[in-house]
Amino acid sequence: MSKSHSIESEKATVFRPKAATLVIMIGLILLFFSICMSIILGVADINFSTVLQGIFHYDSTSTAHQIVYRLRLPRALAAAFIGASLAVSGAIMQGMTRNALASPSIMGVTSGAMFTVSIAFAFMPFVSNLTIMLFAFIGAGLGSALVFLIGALSKRGLTPMKLALAGTAISALLGSISTGIALRFDVAKDISFWYAGGVAGVQWINIQLLIPVAILGLMLAFFISKSITILSLGEDVAAGLGQKVGFVKLLGTIVVLLLTGAAVAVGGTIGFVGLVVPHIVRFIVGSDYRLIIPCSAVVGALLLVLSDVIARLIHPPFETPLGAITAIIGVPFFLYLARREGRGL
Amino acid sequence: MPSSNSTNRKLYIVSSILIGAIIFVFFLSLNMGTIKISPIEVIEAFTGKGSTQNFNILYNFRLPRTVIAILIGIGMAIAGAILQGISRNSLADPGIIGINSGAGFAVILYIFFIQGSSFQAGPLSVYIMPFFALAGALVAAILIYIIAWKDGVTPVRLVLVGIGINSAFGALIIIFQLMMDPRDFTQATIWLSGSIWSASWSYVLALLPWILILVPIAMSKFQSINLLQLGDNLAKGLGVSIERERGILLLIAVGLSGACVSVGGGISFLGLLAPHLARLLVGPKHQRLLPVAALIGALLLLTSDIVAKSLMVGSEIPVGLVLSCLGAPYFIYLLIKE
């Protein structure tokens, strides 16, 4: 009993600030280079000096400048912010639910967004990019609320298996209704392109909405990171330490909704980033969310920018769906966790 | 034993009601469609007294479709019952643990690489497709089994790994689907959602052998499923060679769901619903559960097909979507209650 307790508290105090500083510094440098790579590489080759000119001395008559400024730069930025948002919301979900499998992609977020987006495509001809974003944002909230509700209603709470199954069932239900709508109104391919996820068509207007919401969410996340660490020790412990558990959970949920909503609204279904990144980061920097959250943001951004570059290069000039790339990276990791039956926090 | 007698009587009553319902829905299904054909006209058509137009519609379109619905219903229900029995998990279903998506991926590959842009199946590919679907289902099942294996297979691991495999195949399907041209794409979407509206007699012939061979084998193995359901230790103590029996049963389930998916597409939740309803009606013993589940499966799919046909006149929605909308809420209910 006392031995297990000491292991427990040892585990709770794993706190490696040096490793975290290193992860953040190296991560930011790599992120900078991969964003540069993302801007340079593509169907049209553009060299580095043109990139810099395109950003700082934009000349609207130059095609190369237009590609850089109007297509590649927003795309790279979107990938970075979406990656950071998904990774941080995954970290918060895992900390709050103490569930290793918690992440946006299995919490019904994306199928909820798909549901509302298919309604938008079907019933609003000439629907604007912004309306789609808004609908996706609302749908993401709806989907995760449903999964949380199932967890709250069931007797033993959200066990890893229950979470995964609830997510699957909600996805099947909302997915079926969306497919029905899509086939009935002949918008199946539009929706599938949206659903497959990607940042290929991102415009500045999307960025202008994504970045403020993402930054707000990320700042809130840092702000509550200490409380999340305490909450991740268990609700009883947290309450015993004088934490307002309900309040922290509410804040955490708001952060998750802001971050995943914004990410899904711009990028569609990009799965497994939120699952994989926090686990990798936890492995390096320990179990303190004051370190996990900032490191997840950097590593998530890096992972998604690189995946987006891969998505462009696999089969040019076609774009491979970004969500499929992240799934192929993430599924082996999910299987590894599944073999441990969802333990590993 | 008097209790055994009374449960047997219950089995007969339940079965006769179900068979009656199936016959009723069968005729209803033949009547419904853009052209209404009354039951009397149906009988006239098949006894050679009716109009040739009616006979054509009935014989070439509606009859194969209803027959296929019945066969797939039986196959999926038995596959689901086996999976639930051997994994000791009431939430197992070929669709949820990735067997359907494995089969679906193999068929998408086949359409993409071999059949080219013409989605409409030629006479030969009708018979080849089941084998592709089967290979895909088998690969998925083997992957699930190997990855979940760690000194044996626990139900929790089996289901979690299955969900992971499901996402992996889902991602692969999306990659290939988006490379298709728009018409093939829509066809593939309909097919993946589970649809039996392109049914013809050749599909019936392609599916029939699988059902005729595998369903009786499954039924004869009821004792093994009963024992495996008790748990590995107890089953071992009673002299069942667990891994062998589980392997054989898993193969049967994979064969059945693979064959059904190749003809009907990704119809999920049928394998979940039918065994559950059967268990409610006749209890957990598989000698009674399996036949009743098969009847319920057939009835459910026939009914869902009618709903799919009549819900939106002009554009039929895939029957698999109807089943998911019925099945998912029930699944969630089970999840909350458990």
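In the predicted model, helix H4 and helix H11 (residues 245-267) of chain A pack at an angle of about 150°, with their axes 9 Å apart. Axes are lines fitted to C-alpha atoms, for helices over the stretch in contact, and angles run from 0 to 180 degrees between N-to-C directions. Helices (H or I, at least four residues) and strands (E, at least two) are DSSP runs, numbered from the N terminus. The angle makes H4(A) roughly antiparallel to H11(A); angles under 35 degrees count as roughly parallel, over 145 as roughly antiparallel, 65 to 115 as roughly perpendicular and the rest as oblique. The crossing of the two helices is left-handed, a term used if the near helix is turned anticlockwise from the far one by less than a right angle, with right-handed for clockwise.

Contact means heavy atoms within 4.5 Å. On the H4(A) side the contact includes A:Ala78, A:Ile82, A:Ser85 and A:Met96, and on the H11(A) side it includes A:Val248, A:Lys249, A:Leu259 and A:Ala263. By class, 13 residues of this contact are nonpolar, six polar and one charged. Ala, Val, Leu, Ile, Met, Phe, Trp, Tyr, Cys and Pro count as nonpolar, Asp, Glu, Lys and Arg as charged, and the others, Gly among them, as polar.

A:Ser85, which lies in helix H4 of chain A, has 0% relative accessibility and therefore counts as buried. Buried means under 20% relative accessible area, exposed over 50%, and partly exposed in between (1.4 Å probe, protein chains only). Leaving out residues up to four places away in sequence, A:Ser85 touches A:Ala214, A:Leu259 and A:Ala263.

Helix H3 (residues 48-56) of chain A also packs on H4(A) (residues 63-97), at an angle of about 75° and with the axes 8 Å apart. H3(A) is therefore roughly perpendicular to H4(A).

Chain A as a whole has 14 helices and zero strands. Of its 345 residues, 55% count as buried. Among contacts between residues at least 6 apart in sequence, 77% join residues at least 24 apart. The C-alpha trace spans about 70 × 50 × 35 Å along its principal axes.

Residues are numbered from 1 along each chain as its sequence is written, and chains are lettered from A in the order in which they are written. Local features need pLDDT of at least 70, side-chain atom pairs count only at pLDDT 80 or more, totals for chains, interfaces and linings use all residues, and side-chain values use heavy atoms, with hydrogens and water left out.
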